[in-house]
Amino acid sequence: DALRTIVQQMPKAELHIHIEGSLEPELIFALAQRNGVSLPYESVAQLRQAYDFADLQSFLDIYYAGASVLREERDFYDMTMAYLRRAHADNVRHAEIFFDPQTHTARGVPMAAVVGGIFRACQDGPISASLIMCFLRHLSEEEAIATLEEALPFRDKIIGVGLDSSERGHPPEKFMRVFRRCKELGFHLVAHAGEEGPPAYIETALDLLEVERIDHGVRCLEDPRLTERLARERIALTVCPLSNVKLRVFPDMAAHNLPALLAAGLRVTINSDDPAYFGGYLNDNFEAAFAALPLTLAHAEALARNSFGAAFLGAAAKRAHL
Ligand code: ADE
Ligand code: ZN
């Protein structure tokens, strides 16, 4: 229908996409063959069948296994270029791309191959794109600090840092020192919080890590005072509808709290998180949310406006997109 067409065609920014989560099963098999990596799956179809998740951790186990086929600079380039082309087809004009260096450096892949390959694709690709380096929160803060040190030679290729992986039991405050150092270095700061973890993690991400956006944040509504604060301070939430259903944060799309987040006056954006694993890219997320939920043209326009408004772009670039 008409709203569906408008939603698909409107220009958007994507602010929450893990590049390793854009690795399609076909590319996983192609890279495994190219690099001589053996996989515990016989076929693309069998791998896809494993994409039935009970929670965040059951997804992460398969996501880290899939990333093990990435060995060379060109692997990171090919993966990133495939995403940028796919995003361009969805009328994404600008993407802020997460990457997880520790998933690769732990396997002996040089930081230069990881950052270099992803960055080179961003330069060659069809849309504007920048990089946000994420620390894995299930690992120690010392390991995050060592990763930051390893990345500093590539400081000019990275606009910000984030925090991802297993949320429960790994609160933001575990990473206070490394985030303080990143702020001093002039990085933009974001963190996953309130996906599976409690609203208190959203508060400590804001107060102790001093992040500028919250990734997910959907559990904020359990705390009315926090919700009011997020609205008042215009903190963006990078919400990922298909991810939330696949990882059973909500039982189905009709139960998603996106309409309530918008009604609370929050600066919500829609994003794909790990599109190869969760059943779709950015327009699929818009389409699934708009099909199942009472959302209007005004909501679509607000979501698109918020995506550019919350992007780490200069004022002139934002105006050019809006
Ligand atoms: N890594 C990739 N996707 C993630 C998510 N949705 N939450 C936490 N860590 C992630
Ligand atoms: Zn995420």
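Which residues in α1 meet Asn283, Phe286, Glu287 and Phe290 in α15? In this predicted model, local features need pLDDT of at least 70 and side-chain atom pairs count only at pLDDT 80 or more, whereas totals for chains, interfaces and linings use all residues. Residues are numbered from 1 along each chain as its sequence is written, and chains are lettered from A and ligands numbered from 1 in the order in which they are written.

The residues of α1 that meet this group in α15 are Leu3, Arg4, Val7 and Gln8, two residues being in contact if their C-beta atoms, placed from the backbone, lie within 7 Å. Helices are DSSP runs of H or I with at least four residues, and strands are runs of E with at least two, numbered from the N terminus. Helix α1 (residues 2-9) packs against helix α15 (residues 282-292) at an angle of about 150°, and their axes lie 9 Å apart; axes are lines fitted to C-alpha atoms, for helices over the stretch in contact, and angles run from 0 to 180 degrees between N-to-C directions. Helix α1 is therefore roughly antiparallel to α15, a description used for angles over 145 degrees, while those under 35 count as roughly parallel, 65 to 115 as roughly perpendicular and the rest as oblique.

In a second pair, helix α8 (residues 141-151) and helix α9 (residues 176-184) pack at an angle of about 20° with their axes 8 Å apart, so that α8 is roughly parallel to α9. Here Glu141, Ala144, Ile145 and Leu148 of α8 make the contact with Arg177, Val178, Arg181 and Cys182 of α9.

Elsewhere, Ile97 touches Ile17, Ile19, Ile118, Ala129, Leu131 and Ile132, not counting residues up to four places away in sequence.
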